[in-house]
Amino acid sequence: MGDPSPYLQLQHIHKRFGKTVALEDVSLDVRAGEFLFLLGPSGCGKTTLLRIIAGLEEPTSGRIVQAGRDVTRLPASRRDFGIVFQSYALFPNLTVADNIAYGLKNQKLPKAQIAARVEELLRLVGLQGLDRRYPAQLSGGQQQRVALARALALSPGLLLLDEPLSALDARVRANLRGEITALQRRLGVTAIMVSHDQEEALTMADRIVVMDHGRIVQVGAPLEIYQHPATPFVADFVGQMNFLPGLVSGEGVGVFRTGPFALRVQGWQNHLPPGSEVMLAVRPEELRIEREHVGLSNVLVTEVRSVEFMGPHYRLLLHYRHHVDEQRPVSLVVHLPRHATVQHDLRVGATLPVHAPADALRVFRLPSGGSS
């Protein structure tokens, strides 16, 4: 059997504010029950796209279809969604119970039904016994739970979350993101969350939509985005990446030179002429420090510039010269497990051989040729 029709379809969405292009030809299918993240830096268009989905902004052109219904020009009040904002947006003069019940009361539901639904939601978000408190009497994490319960009160088909965790401290944020993910899975509600935090996206999302300058750059599962970034922008924005200037070598398919060193890249199929400029990329945790490197391929001989203790690992900043006769160093970051530090000389100025595994290296062609 094929996949069912998408629950939400965005078709060629454009949005302009005067001469400013906020979104340009954004098309996306969202599956029923999935947790989708819109991820990107400030100003990339992700919040504008979420507001268009909610009906809080109108697209300049394009079409939005939700559950088979064209909702492009429908006002927010006639769309099937619940929304959670970064600022909580709770009514300060209403109790927790009354904040959660707000939408239910507008639906003119019986009081007993409203009370039962509020009690159910309080249990769902772990706020039993706090129904008579006011927002000012709650912590930030508790306030965001109230906002989440209110968004879920009418059992919407779509849950929208606009950076709901960014105002919270790190420990509360980590706890709440796990609770939100578990809740979304349990309810099976289709959810779209806006974030600029790549760690949130990697830990919570079923799929990530990476955006930049109003466009979708890549869509994929977290592991796919992390391991196989489509562009240098995605590679640099999602996780940390080392970029090494390189040239296609004439020493065989998939062999590149960076400074005086030769690196073989596994699986490289794009035949560029020798001398073509490329960018090689490798993540800090994929690099290995080698004590015995004689005869080992894909080794860079580097100089230690700094060593930082990060808790679970040490962060090494290393340099090597791009060209033997030039004073232009290339920086390289390596994450070295704590237990491995005793095996190596980590003094500033020491020489360290670094192994870059062939299956860990990515190759990006320079802008004139696209990326791989």
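How many cavities of 30 Å³ or more does the count come to? The count comes to 1. The model is predicted: local features need pLDDT of at least 70, side-chain atom pairs count only at pLDDT 80 or more, and totals for chains, interfaces and linings use all residues. Residues are numbered from 1 along each chain as its sequence is written, and side-chain values use heavy atoms, with hydrogens and water left out.

View 1. The largest cavity holds about 40 Å³ of space. A cavity is a set of points, on a 1 Å grid over the protein atoms alone, where a 1.4 Å probe fits but cannot get out; a pocket is an open set with protein on both sides within 12 Å along at least five of seven lines; lining residues have an atom within 4 Å of a point. Grid points are joined across faces, edges and corners, and a volume is the space filled by probe spheres set on the points. Leu148, Leu152, Leu159, Ile180, Leu183, Gln184, Leu187 and Val189 line the largest cavity. Helices (H or I, at least four residues) and strands (E, at least two) are DSSP runs, numbered from the N terminus.

**View 2. The largest pocket.** Its volume is about 630 Å³. Of the 20 residues lining the largest pocket, Phe81, Gly82, Gly103, Arg150 and Leu154 lie nearest its centre. Strand E6 (82–84), helix H2 (96–106) and helix H4 (140–152) each supply at least two lining residues; the largest share, 4 residues, is from H2.

View 3. Helix H1 (residues 46–54) is largely enclosed by the rest of the structure, because 7 of its 9 residues are buried. Buried means under 20% relative accessible area, exposed over 50%, and partly exposed in between (1.4 Å probe, protein chains only). The buried residues of H1 are Lys46, Thr48, Leu49, Leu50, Ile52, Ile53 and Ala54.

**View 4. Aspartate 162 in strand E7.** Strand E7 (residues 158–162) contains aspartate 162. Aspartate 162 is buried without a salt bridge, and arginine 51, the nearest side chain of opposite charge, is 6.1 Å away. A salt bridge is a side-chain nitrogen of Lys or Arg within 4 Å of a carboxyl oxygen of Asp or Glu. Leaving aside neighbours within four places in sequence, aspartate 162 is in contact (heavy atoms within 4.5 Å) with Thr47, Leu50, Val84, Phe85, Gln86 and Val194.

Notes. Lys, Arg positive; Asp, Glu negative; His and termini not counted.
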